[in-house]
Amino acid sequence: MRSPLQAQVVQWLVASGDAVAAGDVLVILEAMKMEHEIRATHAGRLGEVYFEAGEAVGEGEVLAALTAPTEQLTEVLLSPISVTLQGLPAERADLAKLQARLSFTQDALRPDAVAKRHALGLRTARENITDLCDTGSFVEYGALAVAAQSRRRTADDLMRNTPADGMVTGIGCVNGQRVVVMAYDFTVLAGTQGMRNHQKTDRMLGIALQNNLPVVLFAEGGGGRPGDVDVAIVAGLNLATFASFARLNGRVPVVGVVAGRCFAGNAALLGCCDVIIATRDSNIGMGGPAMVEGGGLGVFKPEQIGPSGIQHGNGVIDVLVDGEVQAVAVARQYLSFFQGAQTDWQAPPAEALRQVVPENRLRVYDTRTAMQGITDEGSVLQLRTAFGLGIHTALARVGGRPVGMLANNPLHLGGAIDADAADKAARFMQLCNAHGLPIVSLVDTPGFMVGPDTEATAQVRHVSRMFVAAAHLRVPLLSVVLRKGYGLGAMAMTGGGFHETLATVAWPTGEFGGMGLEGAVRLGYRKELEALPEGPEREALFEQLLAQQYDNGSAINMAATLEIDAVIDPAATRDWLVAGLQAGQIKAASGTLAIDTW
C-alpha cells in the first residue's frame, strides 16, 4: 500500500496481522490540515507497517503490506480499484440538520397558512412555481433566508414564520428552456418587500441579465416592509432592485403574473413587465388602502383599488384570466413564442379565407376571423383585448414560426386608428422588435381618427408613435390589405409606407386612396356636386363619382402601378407569409431595444 500524497501519519486503525475487508479504513493521513482516509483495495491481512503515527511519508512511499489469499491475487490485480462506503451511519447529522431546516420552507409544514390560502381560492407561491416549471426542473436560490428582524423576534420564530423572507426565487425550465422565476409569498408578511428578498431579487435579476434568461414574476404583495430593523436605514430608497428590473427591458422577455392584491413596490415591478397576466379577482395599484388613507385621500377597501375590470380596460392588464391555473398556462404559452419554432402544427382550411371579407364593401366583419384563418390552429394569443379596441394585437404562429400580428378592427370606429389603438400598436411593435419576432399586419382602415374630440386626446402625438416604432424595426414586416387601405393610417400599418415592408399584398377586396373614398369625392368634386340641386340628381352624380374612385383605387390597379407588390387569392395568404418569413432576416440590434411600459 503506497501513500497517494506527501503527508503525516495520524493514526493506524488496524494492526499488523489483522484481517481486513475491502473498503476498510486502515490509516489516516494528514496534509495541509486535511485528513485523508486510506482504505483497503481488497480483502486480506495487514502485514508489516513501515511508518508510525507522527511520521512523515512521501508521495508513493510504501505504508504497509496488505496480503491476500493466493486464489484472490489474480482477481485483485486484474480488477479496477474501487472505494466503498462501508461502516458509515445511515444518515449523516449535518444532512439531517439541513433537511430539517429546509422543511420549514415547504408548504407541508405550514398547513394553516396553506389552508387559509386555499379557502380564498388561491394557490401558494410554491404551487404556482411547480405548475409553471417542467417537472423537477426548479432549483431554488436563497431558500434559507428569513426576515431581517432578529432584533425584535427569535430565530425560531423567524424560521417558522418568515420562510425564504416571503419570496421564492430560482431557475426552472419552462417548455424545456431555462427561466428565472420569482414569486412573492403572500402567506409570509403579506408578500411584502423585505431587505433580504430584495437581495434575492437583485441576485436573480443579475443572473437573468448576464445569461439572457427570461423572467417570470408572481407579483402579489403589499409593497415595501417597514419592520425589517436589522439594517440601519432611514427611508430605504437606496435600492438597486427597481433599476435592475427595468434594465431587463428589451433584453429578455419579462412576464408578470398577478392574483389577489398587488400594491406599491410590487406593482412598480409588475408595471415594468413586457406583459401582465392577471386574474379577475386581482387588484393592482401604486398604493394600497393604508397608503391612500395616509395620504388623506380617503378610506377604501383593497378591492376598491385598481380592480381587474378597470386595469384591463385601461391597458394595464394584457391578458385577463379566470384564475391562477389559467394564468400559469398563459405564461407558459406566452414564453413559448420566444423559444423558437415548433414542428408540430396544423394549418386551418385555406379556402375559408375567401369568405372572410363580405362582398358588400360597407358590411362590417371581424378581422380576428382572418387572424385565425391565417395562423396555425390554436396558436393565437391576443393581448390587451379590452384596450385600444381599434387594433387587435396577438402572438401567433405561421407554419410553426412565431410572429406578432396586428389587425385593424372595422367593428370599432370602422377601423379608424385613435390614440389608444395607436399606443397599443406602437408598443406591440416594440415588443416584437426587441425579442426578434417578425410582424404580420392585416390592414383594413379608413385612416387615423379625426375631429375636435379626437384631437383633444393628443392624437397627433399618439398616432405618430406608430411611424417612429416602425422606423426602428429590425424584424421583417409583412402586410396584407384585406379591404380598406386609406391615408396615413394605412401607411402606419405598413411600416410608414407600402414599400417599407418586406411585402405588401392585397386581397381582391382591397381598395385604396389618399383618404376615405366618400370623403375624397365630396372634397374633390365639391363644385360639381354643389352645381346640382340637393336630391336624386346630386346623389346620382355622387354615386357615379364614387364608383369611379373605387374602380381607380382597386387592388388590381394598385398592383398594376406597382404601389403594392401583388393581389393574391386569400387562400394563398399563408403561402405568401411562409415565403416571406423564410426570406426575411432579423437584423442584429444596433442599440438598446426598449419597450415602452405603456
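This is a predicted model: local features need pLDDT of at least 70, side-chain atom pairs count only at pLDDT 80 or more; totals for chains, interfaces and linings use all residues.
**Entry 1: the open sheet**

I started at Val 20 and found that its bridge partner in β5 is Gly 44. I then followed the two strands along, and β2 pairs with β5 (residues 44-49) in the antiparallel sense, over two bridges.

What else does β5 pair with? I looked at β7, and the two strands are antiparallel, with three bridges between them. One of the residue pairs I wrote down here is Arg 45 with Thr 67, the latter being the bridge partner in β7.

Putting the strands in order, I get β2-β5-β7, an open sheet of three strands with antiparallel pairing. The edges are taken by β2 (19-20) and β7 (64-67); each has a single partner strand, so one side of each lacks a neighbour in the sheet.

**Entry 2**

Next I went to β3 (residues 25-31) and β4 (residues 34-39), which I find paired in the antiparallel sense over six bridges.

**Entry 3: α13 against α15**

On to the helices. I looked up α13 (residues 419-434) and α15 (residues 459-471), which pack with their axes 8 Å apart and at an angle of about 20°. I therefore put them down as roughly parallel to each other, the cut-off being under 35 degrees. For the hand of this crossing I have left-handed.

Who touches whom? From α13 I list Ala 419, Ala 422, Asp 423, Ala 425, Ala 426, Arg 427, Met 429 and Gln 430, and these meet Gln 459, His 462, Val 463, Arg 465, Met 466, Ala 469 and Ala 470 of α15. Sorted by class, I have nine nonpolar, three polar and three charged residues in this contact.

**Entry 4: α17 against α19**

Then I turned to α17 (residues 517-524) and α19 (residues 536-552), whose axes come within 9 Å and cross at roughly 120°. That angle makes α17 oblique to α19. I have this crossing down as right-handed.

On the α17 side I find Leu 517, Glu 518, Val 521 and Arg 522 making the contact, and on the α19 side Phe 542, Leu 545, Leu 546, Gln 549 and Tyr 550. My class tally for α17 with α19 comes to six nonpolar, one polar and two charged residues.

**Entry 5: a salt bridge**

Side chains of opposite charge can pair when their charged atoms come close. The structure has 20 salt bridges, and I picked one to look at. It joins the side chains of Asp 322 and Arg 280, at 2.7 Å from N to O.

Where do the two partners sit in the chain? I placed Asp 322 in the loop between β16 (319-321) and α11 (324-336), and Arg 280 in the loop between β14 (275-279) and β15 (283-285). The two are 42 residues apart, so I noted the pair as a link between distant parts of the chain.

How values were computed. Residues are numbered from 1 along each chain as its sequence is written. Side-chain values use heavy atoms; hydrogens and water are left out. Two strands pair if DSSP finds at least two bridges between them. Helices (H or I, at least four residues) and strands (E, at least two) are DSSP runs, numbered from the N terminus. Axes are lines fitted to C-alpha atoms, for helices over the stretch in contact, and angles run from 0 to 180 degrees between N-to-C directions. Angles under 35 degrees count as roughly parallel, over 145 as roughly antiparallel, 65 to 115 as roughly perpendicular and the rest as oblique. A crossing is left-handed if the near helix is turned anticlockwise from the far one by less than a right angle, and right-handed if clockwise. Contact means heavy atoms within 4.5 Å. Ala, Val, Leu, Ile, Met, Phe, Trp, Tyr, Cys and Pro count as nonpolar, Asp, Glu, Lys and Arg as charged, and the others, Gly among them, as polar. A salt bridge is a side-chain nitrogen of Lys or Arg within 4 Å of a carboxyl oxygen of Asp or Glu.
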